[in-house]
Amino acid sequence: QVELVESGGGLVQAGDTLRLSCAASGRALSTYAMAWFRQAPGKEREFVASITWSDGWTDYADSVKGRFTISRDDAKMTVVLQMNSLKPADTAVYYCAAGGWGSPESAYNYWGQGTQVTVSS
């Protein structure tokens, strides 16, 4: 069983930065990939970024490349999403997920409760 707890969401202005954290606990975490997804009002949940615990391979959605950075802290078992140059289009509930590699939701077995990010223009 894996437990994921997100934190760090909030209300910011366009151009600001925000840092989301996902605290992970559970067995065999090192065998998983970790990812961030987001869901905007009225839209389907979409992939944002992913990273592997074992070697730090990363992947990003085109919409966030160059602005968002995913990283991991092995000692704290935390995955961080650093979000720079935020846009109103980034407004969504952000979810942390653990599971297999890739962008499909179906690759991930465990999900956090989500944290709201709102970017005003």
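G66 is exposed, with a relative accessible area of 84%; exposed means over 50% relative accessible area, buried means under 20%, and partly exposed is in between, with a 1.4 Å probe and protein chains only. G66 sits in the loop between β6 (58-60) and β7 (68-73). Strands such as these are DSSP runs of E with at least two residues, numbered from the N terminus. The C-alpha atoms of G66 and G112 are 25 Å apart, while 46 residues separate the two along the chain.

The model is predicted: local features need pLDDT of at least 70, side-chain atom pairs count only at pLDDT 80 or more, and totals for chains, interfaces and linings use all residues. Residues are numbered from 1 along each chain as its sequence is written, and side-chain values use heavy atoms, with hydrogens and water left out.

T78 is a residue of strand β8 (residues 78-83). T78 is buried, with a relative accessible area of 13%. A polar atom of the T78 side chain lies 3.1 Å from the backbone oxygen of K76. Leaving aside residues up to four places away in sequence, T78 touches S21, C22, A23, W53, S71, R72 and D73; touching, or contact, means heavy atoms within 4.5 Å.

A disulfide is a pair of cysteine sulfur atoms within 2.5 Å, and a search of the whole structure finds 1. This disulfide joins C22 to C96, with an S to S distance of 2.0 Å. C22 lies in strand β3 (residues 18-26) and C96 in strand β9, so the pair ties together parts that are 74 residues apart in sequence. The angle about the S-S bond is -80 degrees, and the link of C22 and C96 is left-handed. C22 is buried at a relative accessible area of 0%, and C96 is buried at 0%.

Next comes the nonpolar core. Such a core is a set of buried Ala, Val, Leu, Ile, Met, Phe, Trp, Tyr and Cys residues joined through side-chain atoms within 4.5 Å. The largest one has 37 residues, of which L4, M34, W36, L81, M83 and Y94 touch the most other members. Strand β9 (residues 92-99) supplies the largest share of this core, 5 residues. In soluble globular proteins, nonpolar side chains tend to be buried together.

The aromatic rings come last. Rings of Phe, Tyr and Trp (its six-membered ring) pair if their centres lie within 6.5 Å; planes under 30 degrees apart count as stacked, over 60 as edge-to-face and the rest as tilted. The whole structure holds 5 aromatic pairs. One of them is the edge-to-face pair of F37 and Y108, at 5.4 Å centre to centre and 75 degrees between the planes. F37 lies in strand β4 (residues 33-39) and Y108 in strand β10 (residues 108-111), so this pair ties together parts that are 71 residues apart in sequence. Y108 and W111 form an aromatic pair that is also edge-to-face, at 6.5 Å and 70 degrees. Y108 is buried at 5% relative accessibility, whereas W111 is partly exposed at 27%. F37, F47, Y108 and W111 form one aromatic cluster.

R45 lies over the face of W111, at 3.9 Å from the ring centre, and over the face of Y95, at 4.7 Å. A charge sits over a ring if NZ of Lys or CZ of Arg is within 6 Å of the ring centre and within 35 degrees of the ring normal.

Key:
Helices (H or I, at least four residues) and strands (E, at least two) are DSSP runs, numbered from the N terminus. A polar contact is a pair of N or O atoms within 3.5 Å; within protein, one must be able to donate a hydrogen and the other to accept it, and residues adjacent in sequence count only if both atoms are side-chain atoms.
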